[in-house]
Amino acid sequence: MAVVIPALLRGFVGAICAQAASSRLTPSALRHLTLSSVMKSKRKTDHLERTADVVRREVVSAAKVCGAADESPSVKRLRLLVADKDFSFKAGQWVDFFIPGVSVVGGFSICSSPRLLEQERMIELAVKYTNHPPALWIHNQCTLDSEVAMRVGGEFFFDPQPADASRNLVLIAGGVGINPLLSILRHAADLHRERANKGRGYEIGTIRLFYSAKNTSELLFKKNILDLVNEFPEKIACSLHVTKQTTQISAELKPYITGRITEKEIGYHISRETLFYICGPPPMTDFFSKELESSHVPKEHIYFEKWW
């Protein structure tokens with residue numbers, strides 16, 4: 001069931017009361033949430049504070065956890081069923097994540113493609129372990145059939161229309177910043193499949209992913225990424241970058257692994273037809289967005305998302 005939050009409450013929805021755990025998420029349950037509960041988290045890294053001015057959808061939808069797995073030693077992947085047909089998102093967007101009994105609202109990028117939601121009513125999230133209450137709940141308390149609620153937001157997305165000009169994509173990810181970029185990568189692959197199968201739809205250009213993490217165990221979704229590279233070698237390429245590797249790199253990954261991402265590597269891909277999407281720690285996003293600007297890439301071709 002969808003609930004539209006009145007304008008007075010937008011941006012101040014905090015913790016869902018126990019009623020929200022039922023399959024019917026009622027307006028009264030949402031209105032039970034108070035400003036005081038939201039403001040318990042005064043950290044500058046609070047998701048609602050950081051994104052207070054960012055566009056959100058009005059619809060808040062109930063969701064049920066239907067799958068969970070360890071994606072890395074520090075990251076848990078969730079699959080959630082969202083029956084509400086009014087719930088939709090664009091590749092690259094995030095959700096406000098409301099948890100019964102937790103007064104702090106989580107903010108997590110969706111890593112699945114819009115096509116998965118259209119076909120199976122599922123979305124996927126991948127959440128790093130931290131002391132932030134929503135992440136703690138996901139790692140320590142979340143179980144199959146746990147009920148939550150979500151609201152889509154964010155201005156970082158790739159959503160071309162069929163008649164739009166073809167664009168190349170360069171995706172630059174650091175750590176869990178891979179999440180929205182994987183959604184974009186998967187969406188681009190879906191668009192390419194549709195064009196190849198039906199002879200119509202958006203024509204995607206080439207896609208190059210640069211993905212950096214401390215070590216190979218923290219490179220998330222390695223198999224998914226390499227499967228797409230192998231499925232569409234003429235369209236998709238990737239390089240995987242590790243900065244603190246102490247163990248031997250597997251033979252499967254070795255051809256793709258190198259050191260830190262450099263501005264020189266990125267510079268090779270600058271063109272008038274290329275869009276750049278960057279997501280990672282703030283120093284990384286700041287560095288590459290400024291480097292691209294100094295290389296005369298138009299600001300409207302540079303998109304970035306910072307995650308603390």
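1. How many residues are there between strand 2 and strand 3 in the hairpin they form? There are 2 residues between them in that hairpin. Keep in mind as you look that this is a predicted model. Strand 2 covers residues 59-72 and strand 3 covers residues 75-81. Their pairing is antiparallel and runs over 7 bridges. If you want a spot to check by eye, Asp70 stands opposite Lys76 in strand 3.

2. Before going further, a word on confidence. The protein chain has a mean pLDDT of 88, with 85% of its residues at 70 or more. The stretch to be careful with is residues 1-43, where pLDDT stays under 50. The model does give that stretch 89 contacts beyond four places in sequence. Still, where pLDDT is low, predicted coordinates should not be read in detail.

3. With a relative accessible area of 0%, Val60 is buried.

4. Which order do its 6 strands follow? They run 11-10-9-8-12-13, and the sheet is open, with parallel pairing. Strand 11 (257-258) and strand 13 (302-306) are the edge strands; each has a single partner strand, so one side of each has no neighbour in the sheet. Strand 13 pairs with strand 12 in the parallel sense over 5 bridges. In that pairing, Phe276 has Ile302 of strand 13 as its bridge partner.

5. Ser212 is worth a click while you are in this sheet. It sits in strand 9 and counts as buried because its relative accessibility is 12%, under the 20% cut-off. Setting aside neighbours within four places in sequence, Ser212 touches Ala173, Gly174, Gly175, Leu219, His241, Thr243 and Ile261.

6. Helix 7 (residues 222-231) has a clear division between its sides. Ile225, Leu226, Leu228 and Val229 are buried. Viewed down the axis of helix 7, the buried residues fall within an arc of 155°, so they line one face of the helix.

7. On to the aromatics, where the count comes to 7 pairs. Take Phe97 and Phe108: their ring centres are 5.5 Å apart and their planes stand at 70°, so this pair is edge-to-face. Phe97 belongs to strand 4 (residues 94-98) and Phe108 to strand 5 (residues 106-109), so to speak a link between distant parts of the chain, 11 residues apart. Phe97 and Phe108 are both buried.

8. Phe156 and Tyr277 make another edge-to-face pair, because their planes are at 80°, with ring centres 5.5 Å apart. Phe156 is in the loop between strand 7 (147-153) and strand 8 (168-174), and Tyr277 is in strand 12 (residues 274-280), so the pair ties together parts that are 121 residues apart in sequence. Phe156 is buried at 3% relative accessible area, and Tyr277 is buried at 2%. The two also belong to one aromatic cluster, together with Phe158, Tyr202 and Tyr303.

9. The charged end of Arg186 is over the ring of Phe221, 5.7 Å from its centre. Arg208 lies over the face of Phe210, and here the distance to the ring centre is 4.9 Å.

How values were computed: Residues are numbered from 1 along each chain as its sequence is written. This is a predicted model: local features need pLDDT of at least 70, side-chain atom pairs count only at pLDDT 80 or more; totals for chains, interfaces and linings use all residues. Side-chain values use heavy atoms; hydrogens and water are left out. Buried means under 20% relative accessible area, exposed over 50%, partly exposed in between (1.4 Å probe, protein chains only). Helices (H or I, at least four residues) and strands (E, at least two) are DSSP runs, numbered from the N terminus. The arc is that of the directions from the helix axis to the C-beta atoms. pLDDT is the predictor's confidence in each residue, from 0 to 100. Contact means heavy atoms within 4.5 Å. Rings of Phe, Tyr and Trp (its six-membered ring) pair if their centres lie within 6.5 Å; planes under 30 degrees apart count as stacked, over 60 as edge-to-face and the rest as tilted. A charge sits over a ring if NZ of Lys or CZ of Arg is within 6 Å of the ring centre and within 35 degrees of the ring normal. Two strands pair if DSSP finds at least two bridges between them.
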